[in-house]
Amino acid sequence: MDANSYIHISNLDLVIALLFIAISAAVSRWQRLGLERDMAVGTVRAFAQLLAVGFVLQQLFNVPRWHWVILALAIMTTVAAYNAVKRQTGAKHGLFAVMAAAIATGASITLILVIGIVLRVRPWYQPQYVIPIAGMVIGNCMTGAALVVNRLHSELTLRRNQVEAALALGAPAKEAASEAMRESLRAAMMPTINSMMTVGLVHLPGMMTGQMISGASPVDAVRYQIVVMLMIAAATAVTAMVAVFGALRAFFTPFHQLSARLELGEAWDAYVRKKSKH
Amino acid sequence: MNAIELSHVSTAKPVLLGDSLTELEVMRDVSLSVPEGEILALIGPSGSGKSTLLRMINRMEDPTSGRIFLFGSDIANLDVKELRRRVGMVSQTPALLPGDVADNIAYGPNLRGEPCNPGDYLEHVGLERELLRRPASALSVGQQQRMCIARALANHPDVLLLDEPTSALDRTASRNIVELILRLNEKLGLTVIIVTHVMEHAQALATRVAMLVGGSLIEQGPAVDFFESPATETGRKFLRGELAEDGR
Ligand SMILES: Nc1ncnc2c1ncn2[C@@H]1O[C@H](COP(=O)(O)OP(=O)(O)OP(=O)(O)O)[C@@H](O)[C@H]1O
Ligand SMILES: [Mg+2]
């Protein structure tokens, strides 16, 4: 595929694209939504972040080295774990390690299979394949991990009486929480399954669109998309599984008691900090 | 032999006051013993820590200091799951497990892969065997409360903790529960701790009485003595129904 076979976007084109933000700003001003400031900040951030990432990736693509690729994957996983924690409505203490482990497990298992066996990328660390595919997988793992832990928190809060009744009869935490865990896993996996139902009919996935713009035939792009969708489904399942067991250890004490963090919400974080000082 | 013994038990719980978090002292230096085979009525105004005390005995929560013994062994050294099998608890509001009545009753034995005949326990608590295949949620509150007792009994406990088991019931239904508890105590030799705010029930059931006010134990002794003449002025006020929640 010839890298120059598609239309490039010049700096002038980018400036012209700013007109679009002017349109949304006009709507905001007209309807007095008060979003102009956020829009300005959002635009600047999107420009800065994307240009910086573009620059870094360009370096990576020019001089592919396996250790830089691994570093990039590690940074992506860390940011994803951080964001998954940030999306929690309850206390956040101790969840970063859970999210990082869950995302790393789910993403790496599927990435190894896809890069090594399905696509047979040689050498395996070709950034052109690894980075975009990892980006999609890690992004979906992040959503899955955030969803499953949030849901487990609310299920345990909601079913508190039922869970405690089971514990009081001698059930271990894992058994007492089994219904809540099942509900949470279902909630985390539904979005992926739903998108498999409507893909191509309602929306064209970003990767497919991108491949077609850069000159790939739709038939080829579709094949990639199928592999990626199945991979995302598997990665989400593994991530959600690891995350739900990890979160269980945060929501229960080692003595099969429901942790007070469920009632205290975000105040729990301050409480733990204060306790550890003493 | 004391079935249950508390030694200098204190506990504090983190609570949210507005935005800031403080530790609220919920129990202060409580020492208490319940000899095997006796029925202890745990009484006291609302918020005095009765439920908290029960929940500490089967380790649904842990005290911040002090020790609790079950037949002489510190419960902190027992396997939590085995402790909870031996110390059955029926909570203040009936908590149903998924499934039908039979599933609920067999839950404990099933956990350990032991056989269980749920119908026997249902009869034990005075419910019809026909109810076995009903969803637990399709029972009346009084039936649910009795099912919860049957569920605890299926674990063959040594001690039964009952948190206001008659709070949601009318006079006849609560009378039935009182008689059930007496029967269980007599037949199975079960040691019972029952929280109740109905003094009539406490008097009918208890061999011993313990009274909590604001997290402190202010009365403890044989039931006959307490109901005849409480040792403290607070105790006397409580029996006359004149005690405010803050214990004054
Ligand atoms: N989860 C909790 N977090 C913080 N404080 C609590 C919690 N549960 C109970 N408390 C407080 O602990 C004290 C004792 O509560 P507890 O439920 O043991 O009282 P009680 O004697 O059972 O009252 P009642 O007769 O109303 O059931 C109360 O002041 C209550 O506000
Ligand atoms: Mg109570």
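Two strands pair, in these notes, if DSSP finds at least two bridges between them. Helices (H or I, at least four residues) and strands (E, at least two) are DSSP runs, numbered from the N terminus.

**Entry 1: ground rules**

I am working on a predicted model, where local features need pLDDT of at least 70 and side-chain atom pairs count only at pLDDT 80 or more, while totals for chains, interfaces and linings use all residues. Residues are numbered from 1 along each chain as its sequence is written, chains are lettered from A and ligands numbered from 1 in the order in which they are written, and side-chain values use heavy atoms, with hydrogens and water left out.

**Entry 2**

I began with S4(B) and strand S5 (residues 73-74) of chain B, an antiparallel pair joined by 2 bridges. B:Leu70 faces B:Ser73 in S5(B). The hairpin of these two strands has 2 residues between them, and there I found B:Phe71 with a positive phi near 45°.

I then followed S4(B), residues 65-70, to its antiparallel partner S1(B), residues 2-17, and found 5 bridges. B:Leu70 turns up here too, as the bridge partner of B:Ile4.

Next I looked at S1(B) and S2(B), which pair antiparallel over 12 bridges. B:Pro14 is opposite B:Glu23 of S2(B) in this pairing.

Axes are lines fitted to C-alpha atoms, for helices over the stretch in contact, and angles run from 0 to 180 degrees between N-to-C directions.

**Entry 2: the six-stranded sheet of chain B**

I traced a further open sheet, with 6 strands in the order S6-S7-S8-S3-S9-S10 (chain B) and mixed pairing. Its edge strands are S6 and strand S10 (216-222) of chain B, each pairing on one side only. From one strand to the next, the twist averages 15°.

At one end I checked strand S9 (residues 208-213) of chain B, which runs antiparallel to S10(B) and is joined to S10(B) by 6 bridges. B:Arg208 has B:Pro222 of S10(B) as its bridge partner. Helix H6 (residues 171-188) of chain B packs on the sheet, touching strand S3 (39-43), strand S7 (159-163) and strand S8 (191-195) of chain B, and its direction makes about 140° with that of S3(B).

**Entry 3: the magnesium ion**

Which residues coordinate the magnesium ion (ligand 2)? I found B:Ser51 (OG) and B:Gln92 (OE1), at 1.9 to 2.7 Å. B:Ser51 is in helix H1 (residues 50-57) of chain B and B:Gln92 is in the loop between strand S6 (87-90) and helix H3 (101-111) of chain B, so the pair ties together parts 41 residues apart in sequence. Donors here are N, O and S atoms within 2.8 Å of the metal (3.2 Å for Na, K and Ca), and water is not among the atoms, so sites may look incomplete.

I looked up accessibility for both residues (buried means under 20% relative accessible area, exposed over 50%, partly exposed in between, with a 1.4 Å probe and protein chains only). B:Ser51 is partly exposed at 23%, and B:Gln92 is partly exposed at 34%.

**Entry 4: two spots in chain A**

Helix H1 (residues 11-30) of chain A has 20 residues and reaches 30 Å from its first C-alpha to its last, close to the 28 Å expected at 1.5 Å a residue. That expected span is 1.5 Å times one less than the number of residues. Just after H1(A), I noted A:Arg32 with a positive phi of about 50°.

Within helix H1 of chain A I picked A:Ile21, which is partly exposed at 28% relative accessibility. Leaving aside neighbours within four places in sequence, A:Ile21 contacts A:Met39 and A:Thr43.

I also visited A:Thr143 in helix H5 (residues 127-158) of chain A, which is partly exposed with a relative accessible area of 32%.

Note on methods. Contact means heavy atoms within 4.5 Å.
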